[in-house]
Amino acid sequence: MHSFTFHPGPRIIAGAGKAADLAAFLPPGPCLFISDEQLVGLGLTDACREALGESGREPILFDRVEADPSRATLERAVEAGRSAGAVSVVGFGGGSPMDVAKLAAYLLGSGDDLDSIWGVDQAHGQRLALALVPTTAGTGSEATPISIITCEGGVKMGVVARPLVADWAVLDAMLTLGLPRDVTAATGIDAIVHAIEAFTSARLKNPLSDALAREALRLLGENLLTACEEPGNVAAREAMLLGAHLAGLAFANAPVAGVHALAYPLGGLHHLPHGVSNALMLRHVLQHNSEAAREHYAELAGILSPGCEGEGTQARAALLIDRLDQLARKTGIALRLRDYGISFDEAPVLAREAMKQTRLLVNNPCPIEEEDARRLYEAAW
Ligand SMILES: NC(=O)c1ccc[n+]([C@@H]2O[C@H](COP(=O)([O-])OP(=O)(O)OC[C@H]3O[C@@H](n4cnc5c(N)ncnc54)[C@H](O)[C@@H]3O)[C@@H](O)[C@H]2O)c1
Ligand SMILES: [Fe+2]
């Protein structure tokens with residue numbers, strides 16, 4: 001076995017209504033509660049906020065987090081926490097509120113300056129107590145040491161550092177029953193991409209991430225369409241939430257690569273949801289990788305298409321790519337760049353932007369040069 005390092009994620013509490021139990025695990029005192037207006041409007045945060053208040057951990061509500069949160073939003077959240085004297089932070093929502101919560105807890109606790117911690121392993125300070133409650137399935141952000149913030153010019157910047165791993169994560173699938181079909185589909189594809197890219201990560205692939213990624217792909221692949229078609233199906237929602245979490249743990253240790261690198265410019269410049277951007281580039285980047293990652297794709301094909309084991313590795317790798325494409329199509333996500341008003345001529349600009357995602361490109365099973373990226377955007381058009 002090659003030597004490897006594996007960092008576990010947060011402690012987990014799973015089950016219906018468990019978000020209200022969080023109060024007991026956080027220190028007494030004001031709690032900065034970060035969510036978004038939609039979730040608060042739906043009443044999803046009520047029980048958790050009430051329990052915090054009743055236990056003497058007054059929740060300071062910050063619900064102005066937008067999709068793909070900006071630096072200004074993060075700064076406002078930090079200010080809200082500072083002026084209230086927060087001693088803990090809860091992030092309640094999809095990846096957007098959770099990512100803001102992670103960095104807010106770190107900046108409030110450490111006093112560090114945001115500009116000194118971008119990139120990998122630049123943050124070494126102490127954060128405030130932190131609990132995360134995902135309501136999408138999902139980014140897996142509740143499992144990862146990663147926070148993604150949209151900065152000037154629509155560039156997505158990341159902080160990746162151990163202190164961003166939460167103390168606690170609550171997995172309550174009941175919170176995801178009201179997810180609209182388009183969000184279920186997009187966030188589910190994002191989670192599937194996490195599993196696949198972790199399994200083929202060029203630098204830090206390891207046996208624990210592999211096991212987590214395989215099981216994540218099984219859970220997500222078997223349940224995504226059911227969750228889309230029967231939104232109230234609790235068993236499918238539970239499988240999706242668990243699958244997204246396992247995929248998060250996998251890619252927290254074996255980081256994602258080319259699909260995400262090429263997806264980010266679409267999110268940053270065109271405000272496409274993160275999962276949609278991934279769905280748009282998935283087929284094309286996997287085809288680009290298919291020779292370099294052939295053995296790994298062939299292994300994963302058996303999870304989505306049991307019974308294909310007798311076929312050769314090339315046929316199975318092609319089968320995996322096909323099965324994923326069919327799955328994405330059946331969710332109803334439109335899969336061409338032109339469907340989102342993006343013009344063919346933008347490919348060179350998108351390719352230039354994608355080259356800035358060096359943190360991700362180094363993990364791809366084979367190089368993606370600017371010229372390759374342009375070709376892949378054109379193929380996706
Ligand atoms: N930190 C990480 O490891 C990581 C990984 C992948 C993506 N991300 C980031 O996460 C963000 C995307 O997160 P996301 O895809 O979860 O979406 P999101 O948090 O932006 O939410 C999308 C929409 O879904 C709604 N929503 C969420 N949960 C709901 C529910 N239960 N019922 C009804 N509506 C609900 C929200 O109100 C919002 O309108 C991006 O900024 C992306 O870059 C982070
Ligand atoms: Fe992602």
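Me: Which residue stands opposite Val170 in E9?
Reply: Strands here are DSSP runs of E with at least two residues, and helices are runs of H or I with at least four, numbered from the N terminus. E1 (residues 11-14) and E9 are paired parallel through four bridges, where pairing takes at least two DSSP bridges. The residue facing Val170 in E9 is Ile13.

Me: Glad to have that; what kind of model is this?
Reply: Residues count from 1 along each chain as written, chains are lettered from A and ligands numbered from 1 in written order, and side-chain values use heavy atoms, without hydrogens and water. Local features need pLDDT of at least 70 and side-chain atom pairs pLDDT 80 or more, while totals for chains, interfaces and linings use all residues, as this model is predicted.

Me: In E9, which residue is the bridge partner of Leu132?
Reply: Strand E6 (residues 129-134) runs parallel to E9, and two bridges join them. Within E9, the partner of Leu132 is Ala169.

Me: Are the residues on the two faces of E9 buried or exposed?
Reply: In a regular strand, side chains alternate between the two faces of the sheet. In E9 (residues 168-171), Trp168 and Val170 sit on one side, with Ala169 and Leu171 on the other. The scale is buried under 20% relative accessible area, exposed over 50% and partly exposed in between, with a 1.4 Å probe and protein chains only. On both sides, these residues are buried.

Me: Which element gives the most to the shell around ligand 1?
Reply: The shell has 32 residues, with Gly95, Ser96, Thr135, Thr144 and Ile146 the closest; a residue is near if one of its heavy atoms lies within 4 Å. Five of the shell residues come from the top contributor, which is H4.

Me: How far is an oxygen atom of ligand 1 from an N or O atom in the side chain of Thr144?
Reply: A polar contact is a pair of N or O atoms within 3.5 Å. A ligand 1 oxygen is 3.3 Å from such an atom in the Asp68 side chain, and a ligand 1 nitrogen is 2.8 Å from a polar backbone atom of Leu175. For the Thr144 side chain, the distance from a ligand oxygen is 2.8 Å.

Me: Last one: why does His284 count as buried?
Reply: His284 is part of helix H9 (residues 274-289). Leaving out residues up to four places away in sequence, His284 touches Leu376, Ala379 and Ala380, contact being heavy atoms within 4.5 Å. His284 counts as buried because its relative accessibility is 14%.

Technical notes
A polar contact is a pair of N or O atoms within 3.5 Å; within protein, one must be able to donate a hydrogen and the other to accept it, and residues adjacent in sequence count only if both atoms are side-chain atoms.
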